[in-house]
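Please look through the model shown here.

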Amino acid sequence: MSVIIFTEIDNGALKKSSLEAVYYGVEVAKMKGSTATVLAIGEASEAELAKAGSFGATKVLHANDARLATGNIQAYSDVLASAVAQEGSEVVILAKSSLGDAVAARLAGKLKASIVSNVTELPDLSGGFKVTRSIYTGKAFATVEMKSDKKIIAIKKNAVSVVESGASASVESFSPALKDSDFAVKVTGTHKASSSISLPEADLVVSAGRGLKGPENWGIVEDLANALGAATACSKPVSDLDWRPHHEHVGQTGIKVSPNLYIAAGISGAIQHLAGVNSSKVIVVINKDPEAPFFKAADYGIVGDVFDILPRLTKAVKAL
Amino acid sequence: MKILVCVTSVPDTTAKISFTDGDTKFNKAGVTYITGPYDDYALSRAVELKEKLGGTVTVLNVGEADSEQVIRKCLAIGADDAIRVNCEPKDSYFTATQIATIAAQENYDLILMGRESIDFNSGVVHGLVGEMLGIPSLSPVMKLEIDGTTAKMTREIEGGKEDIEASLPLVLGCQEPIAEWKIPNMRGIMTARTKPLKVVEPVGEDLTVTEKFTLPAPKGACKMIAAENAEELIALLRTEAKVL
Ligand SMILES: Cc1cc2nc3c(=O)[nH]c(=O)nc-3n(C[C@H](O)[C@H](O)[C@H](O)COP(=O)(O)OP(=O)(O)OC[C@H]3O[C@@H](n4cnc5c(N)ncnc54)[C@H](O)[C@@H]3O)c2cc1C
């Protein structure tokens, strides 16, 4: 009755969110007195995958068929289903992401598994199997009992505080049969910002809104983000106006983030914007209007002009 | 082109979230319900495709009787008919079972819905439905063109997007900018009243049970830093908040 953790590989390395899922999965296995196995799909070195050991894993199954190089929803869910069957897994853990959600959903369909997403802490096994998840876009939580034999849990960032051990895991090759029908969907082109830090994964985020006046002014936002090692984000009107790419748009209708630090510059703090960022640990707001609603949701606030404040913060960070 | 659009009836994005009955039920008092914003994008694109290519748009809602005002609005925007599965959608697997059961009775070319509902935010129903029907599922789709029996799409991925081609039928979770939200006109509102709305009973059972709801702990006061001392923020983030 083991636990299996579905992980994602990005640029030859296990994603940070996936390593958090590994830690979470191993903790669940310990609570149940059983074992945890990691499944990694795609191109990565054995040394890289062995790092899952530092997050508590002992065994990594590595599926590395050339056809699995790009995240294919149907094929990945079939590989995961094969791993679940081989390991006799009862619980499947993964980090919430656009690929992870899609793969987990199809797996739930195959296994008739209960599936709960946006889980924010370790389960409570004292009476049944109960998890807490974030609902209403971060405005509330629900405690949910999972009733079926097979259970799939997609965790939100910071669902568990990770302690690394430095150990390494053994890596086994895993080659289940693949069906041609799994490859009916063709990816004909990929457009990815090359160097930037992935927004959903980022610990630190610098976000800006219409207060920046125009796309030509984003240099001061990027400078602060670079100095901090943060990802950049924006409000909805900013991406609607094409000042910034759509994948930076956070909020009710955009990406939901829960970083350790969210800095909002020139964003008013509309309820729909707050919905996507309200589970950040620390929120900093910089706005020239002292009445901006965002200050009510902030931990630190500066009433001031972004064109003055942001460059000064960048300088202060560089001086650290 | 035969399109099924699945819509949710959800609290307005500005609604105050609270609970009743010992925190076991959502408090509907004073809350306005709207079509899920992502579902609204899916519906708008479906209506555009129907106008361009001909065919029909059927709206499907898994929900209780009070979601009929949302369904009528979808009909006013341009859907031809509607089906409501009479139950409270509380569990992803159960909700997907209802959609797949209805979809299996007809040959839809496209099954569109929002990338996620804004009440439970799971974003898994489209994948479940795709698996239950044995057809591909993709989400979040931000562009959709139909060329014969092929769909050409753009899907958002972390840090970018990818172009995708696949044969119909497909299940898609949609998001902006797939279409502009449509506002019903007077004629649409009049005709919506007489368009067919069929109510059917659910099948299957919930695999999860929600025991209780909680609200987040209230935020403490915001610490203000004078603009002339803005640099102090960085020190506070390091020593007090410990996030740097
Ligand atoms: C269904 C629905 C869904 C939505 N989803 C989202 C969503 O996902 N994400 C989202 O962000 N919005 C969303 N919105 C829109 C939301 O309601 C707001 O309109 C939007 O967040 C406002 O963006 P903004 O703060 O950048 O712009 P504004 O509201 O125009 O605010 C600009 C702010 O910048 C400040 N400012 C201006 N100049 C300066 C300066 N020089 N220095 C410092 N401050 C300055 C102003 O005081 C103001 O507070 C949604 C709306 C609806 C109806």
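UniProt positions are given in the numbering used here, with feature names shortened, and annotations may be inferred rather than shown by experiment. The unreviewed UniProt entry places "domain: Electron transfer flavoprotein alpha/beta-subunit N-terminal" on residues 3-187 of chain A. That stretch is 28% helix and 31% strand, and its end C-alpha atoms are 31 Å apart; helices (H or I, at least four residues) and strands (E, at least two) are DSSP runs, numbered from the N terminus.

This is a predicted model, in which local features need pLDDT of at least 70, side-chain atom pairs count only at pLDDT 80 or more, and totals for chains, interfaces and linings use all residues. Residues are numbered from 1 along each chain as its sequence is written, chains are lettered from A and ligands numbered from 1 in the order in which they are written, and side-chain values use heavy atoms, leaving out hydrogens and water.

In chain B, strand E6 (residues 56-63) has seven of its eight residues buried (under 20% relative accessible area; exposed is over 50%, partly exposed in between; 1.4 Å probe, protein chains only). E6(B) pairs in the parallel sense with strand E1 (residues 2-6) of chain B over five bridges, where a pair needs at least two DSSP bridges. B:Leu4 has B:Thr58 as its bridge partner in E6(B).

Rings of Phe, Tyr and Trp (its six-membered ring) pair if their centres lie within 6.5 Å; planes under 30 degrees apart count as stacked, over 60 as edge-to-face and the rest as tilted. The whole structure holds eight aromatic pairs over all chains. B:Phe19 and B:Phe26 make an edge-to-face pair, 6.1 Å centre to centre with 75° between the planes. B:Phe19 and B:Phe213 are stacked because their ring centres are 4.5 Å apart and their planes at 5°.
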